[in-house]
Amino acid sequence: MRTLIAVTAAAVLAGLAAIGPGAPADPAEAAAPGPKDATAVLFSYTWNAIARECTENLGPAGYGYVQTSPPQEHVQGPQWWIHYQPVSYRVESRLGTRAEFKAMVDTCHAAGVKVIADAVINHMSGYSAGGVGWAGSSFQHYSYPGIYQSQDFHSCRRDIANYQDRWEVQECNLVNLADLNTGSAYVQGRIAAYLDDLVSLGVDGFRIDAVKHISAADMNGILSRVNDQARLYLVQEVIRADEPVQPEEYLGLGDIHEFAYARKLKEAFGGRTLNWLISGAGIGPSWAGFLQNADAAVFVDNHDTERNGETLSYRDGAAYDLAQVFTLAWNYGSPSIHSGYQFSNKDAGPALAGDGRVVDPVCGQNGWTCKHAQTNIENMVGFRTATYGTAITNKWDNGSSAIAFGRGDKGFVAINRGTGAVDRTWQTSLPAGRYCNVIVGLPTASGCSAGGVITVDSSGRFAASVAADTALALHVGAKAGGTGTTPPPTGSTMTVYFATTKGWTNHYVHHRVGSGAWTALPGAAMAAACTGWVSRTIDLGSATGITAAFTDGAGAWDNNGGRDYALTGSVAAVKDGVVTATNPCAAQPTSTTVYYATGWSTANIHYRVGSGSWTAVPGVAMANACAGWKSKTIELGAASGITAAFNNGAGTWDNNGGKDYAIGAGAMKVQNGTVTAGNPCS
């Protein structure tokens, strides 16, 4: 078996050597390009529940992204952190099946929401004695059959003792989690294959976990191998501390969570002194040690900090909610809203069904906080969309607990963390009109759903009282009675792929969105997407498609025989005059997980990968998957499947009546002589 893995690894490495690591194409800017830059982090939500929330809340509110919990197979247990202990890269977890994950992504896209997956790539499990993962994969601490062996992990193999030692931080274990040798070309390729698999399911980006523990060079090596980079949004968890490894080392690879921002919000809102947050240029890149706006991803709390007390959390009530209002109103970084569940034990996981699966979250049940859908937070996402790209104006503070500021002529917010009301006439740059306070309600046909109508005069002034521990927010997209209401832009995009079969050195897409104006010649530059293809992601706004032609910028054109190309949908691929809606860079599964239905106490799978050699008789032992089923995951390398037969190790065989079984990639079931796709244990 080791020889077979070595041969497969050699083939993989040969392919990787041909590619070679390089700088990732088109590193992400702050959040999604365009106004929909808020992310709802639905922590521990099932895939089915996320699909529901995209349709019912996130899409209508104007969220640009939803972030999922890690989707890969994990260790078993009731705690929240089991999702951060991978045992394989199969998309099967207690949050749902691969099919449910794909359906969730498609549903969210239909609602105008893109999907970020939390990616755990620094390490595997922390179970010293090994075990069996959620979907039946057997593993040891430093051995994950078909994926990693001992040589694929760093040699330190003890916990980090000194965070002032860069080598320890990046090569020793984080709380016993088996630390992958991310400097290895094979490991980088295997991680990239997992990310590519998620991209093939439609994922639009990644939150990369524990990036501080992966060197910047290793991160670059991994990301350079990921397909379809031009459309992916990447955000990296690099916790800022007084240590050698700093967030700035990872600039250019993607955005970075600015932990210092969340810490300052706790200091301000927890201490009821807000004025210093907006003093001068205000909190953001002008503050020492803060990332630039284009690189910063900001938050009030996340799943770690709400447990360790480093930041505010749902437990802080009004202080927490007002910090969220400020984050969505202020023009620094790309904000994420953490939405999880109440807990008294910091290790406690979400509510589970009897079979160990997470119960679909429902607001008001099982302690789910539903912060993403809370009126004063959800409506501020619309405020952020309506005010995107505007400067801070009309700043005011009372010297301590109350602040106010405008966003150009698009919006205005006042926040009172004091113990008494603030009653005054507020100066804004808003146009005259009748507005709704979106902290409490939205426009209706006759006025506002709650809070009454606020009238801004021709000088931009209005009189209003802001009660203790509340806020007030107005924007031009929420005028009373609907008059002048500006609906938030859809923010939908199209990724256009063009085949490089013409041999051009450069590629441009000359286009117009909907019935709008054409781009200036030669058009928008296209970047390498994967072998044989270039791509460009185009913001559609409220349009459903584009009209396009392609050029090398030096006189050569492909304009569909003079007719141009009419392209619609989220993906369009053009090759030799043929248009399809299939992403040509989407990765195919690189392994097969075979489920075999049997009553045998012991089952072996005797197989060959592609046209390679057969395993030695009786084959490889299969593990218990669930009642009545055995399973085995087999790496395919460049092959599309395996040929196999099964036996009990004592002379009884099932070889499909002498024909053997042809089994493809992905999760496959073999039952009563029939091969079908799917996981019978999900």
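**View 1. Tyr 596 stands opposite Val 670 in strand 37 of this predicted model.** Strands (E, at least two residues) and helices (H or I, at least four residues) are DSSP runs, numbered from the N terminus. Two strands count as paired if DSSP finds at least two bridges between them. The model is predicted: local features need pLDDT of at least 70, side-chain atom pairs count only at pLDDT 80 or more, and totals for chains, interfaces and linings use all residues. Residues are numbered from 1 along each chain as its sequence is written, and side-chain values use heavy atoms, leaving out hydrogens and water.

**View 2. Strand 29 also pairs with strand 33 (residues 629-635).** These two run antiparallel, joined by 7 bridges. Thr 592 has Ile 634 of strand 33 as its bridge partner. Strand 29 (residues 591-597) is largely enclosed by the rest of the structure, because 6 of its 7 residues are buried (under 20% relative accessible area, 1.4 Å probe, protein chains only).

**View 3. An open sheet of 4 strands has the order 11-12-13-18.** Pairing is antiparallel. Strand 11 (392-397) and strand 18 (470-475) are the edges, each pairing on one side only. Arg 407 is partnered by Gly 411 in strand 13.

**View 4. Helix 9 (residues 318-329) packs on the sheet.** Helix 9 touches strand 12, strand 13 and strand 18 (contact: heavy atoms within 4.5 Å). Its direction makes about 155 degrees with that of strand 13. Axes are lines fitted to C-alpha atoms, for helices over the stretch in contact; angles run from 0 to 180 degrees between N-to-C directions.

Methods. Buried < 20%, exposed > 50% of the residue type's maximum accessible area, 1.4 Å probe, protein only.
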